[in-house]
Amino acid sequence: MKISQNEFDLFRRLIQEKCGIYLDNSKAYLLENRFARLITETGCKNFGDLYFMIKNTSRSKKLVNKMIEAVTTKETLWFRDQYPYKALVDIIFPNYIKANQISNINIWSAGCSTGQEPYSIAITTHEFCKTMAEGLNFQKRISIIGTDISEGAIEHAQIGEYDDIAIHRGLSTTRLNKYLYKNGKKWQVNDAIKKMIHFEYLNLLELPPRFGPFDIVFIRNVMIYFSDELKRKILKNIASVLNKGGYLFLGTGETVQGYSNQFDYLKHAGGIFFQLK
Ligand SMILES: C[S@@+](CC[C@H](N)C(=O)[O-])C[C@H]1O[C@@H](n2cnc3c(N)ncnc32)[C@H](O)[C@@H]1O
């Protein structure tokens, strides 16, 4: 079904207001494709009807969630780009050990989609700890939270069950056999790794009061969908929940430059990450 310019403008504003995702004019096809099912499901005749239903009926909250499910891109993989995980093992964890930091190390995977990112962090932590005499104590101090605006993605992450296609995107056979087990046609993350992560619904536009503080934040391939103004705001919010000297990982090709001057640049294993000044 075709979307008119007027309908597109209404949805564009609504989507940006609810989840921050900014759609330029070239993305009309995206709404036509992704909202097709929602239009059929709701019995709406066109995009205008759907907009009216979302804005004006008691089903509004549910429909907004469905709209967010449809519009978010949840593309993700295990150990994406590798360098963040190398940086944890080669630089960040050893720094905490050298500094004799005894408090907990809190890691936030923001926009974690179906969980591959926080599970990769958990596996990395587990493997790092296995190499140390005091590993178990260090692992106990690491706490990982994975959050996303998509309720479907968070539910999937919590269950921790993946099909063959998802499994073959970044996970080595050795790790697959070590940390997941076959459950029917799917693969299930084992309890030891699952226990290391807490998953929660969270909209980055509405950080709850008293959220954090964190030592390490992954917000990778999330802000690429946001306007420049929103990137500035989100980076400011992240800086406010990061401890001084805390680390920030963005997606490859994403940067703080032009959006925040609160971070220093660090390079490792072919990638760039950031440290709060
Ligand atoms: C492309 S995925 C990135 C997943 C993972 N971080 C990675 O790099 O592989 C982007 C995720 O950001 C989430 N997202 C988009 N807008 C959000 C918002 N306002 N609050 C929280 N999560 C959001 C989407 O639901 C999606 O799961």
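Cores, domains and ligand in a predicted model

Colleague: How many residues does the largest nonpolar core have?
Modeller: This is a predicted model, in which local features need pLDDT of at least 70, side-chain atom pairs count only at pLDDT 80 or more, and totals for chains, interfaces and linings use all residues. Residues are numbered from 1 along each chain as its sequence is written, and side-chain values use heavy atoms, with hydrogens and water left out. A nonpolar core is a set of buried (under 20% relative accessible area, 1.4 Å probe, protein chains only) Ala, Val, Leu, Ile, Met, Phe, Trp, Tyr and Cys residues joined through side-chain atoms within 4.5 Å. Phe11, Ile15, Leu31, Phe35, Trp108, Ile219 and Leu248 have the most contacts inside the largest one, and its residues number 52.

Colleague: Why does this core lie between domain 1 and domain 2?
Modeller: The bounds, from an automatic or database domain assignment, are 5-71 for domain 1 and 83-276 for domain 2. The core lies between them because residues come to it from both domain 1 and domain 2.

Colleague: What area is buried between domain 1 and domain 2?
Modeller: Their C-alpha centres lie 30 Å apart. Ten residues from domain 1 and ten residues from domain 2 make the contact (heavy atoms within 4.5 Å). Buried area is the accessible area (1.4 Å probe) that two parts lose on being put together, summed over both. Carbon and sulfur atoms give 53% of the area buried here, which is about 740 Å².

Colleague: Which residues are closest to the ligand?
Modeller: The ligand is surrounded by 20 residues, with a heavy atom within 4 Å as the criterion. The closest are Cys19, Thr76, Arg80, Asp148 and Asn221.

Technical notes
Buried means under 20% relative accessible area, exposed over 50%, partly exposed in between (1.4 Å probe, protein chains only).
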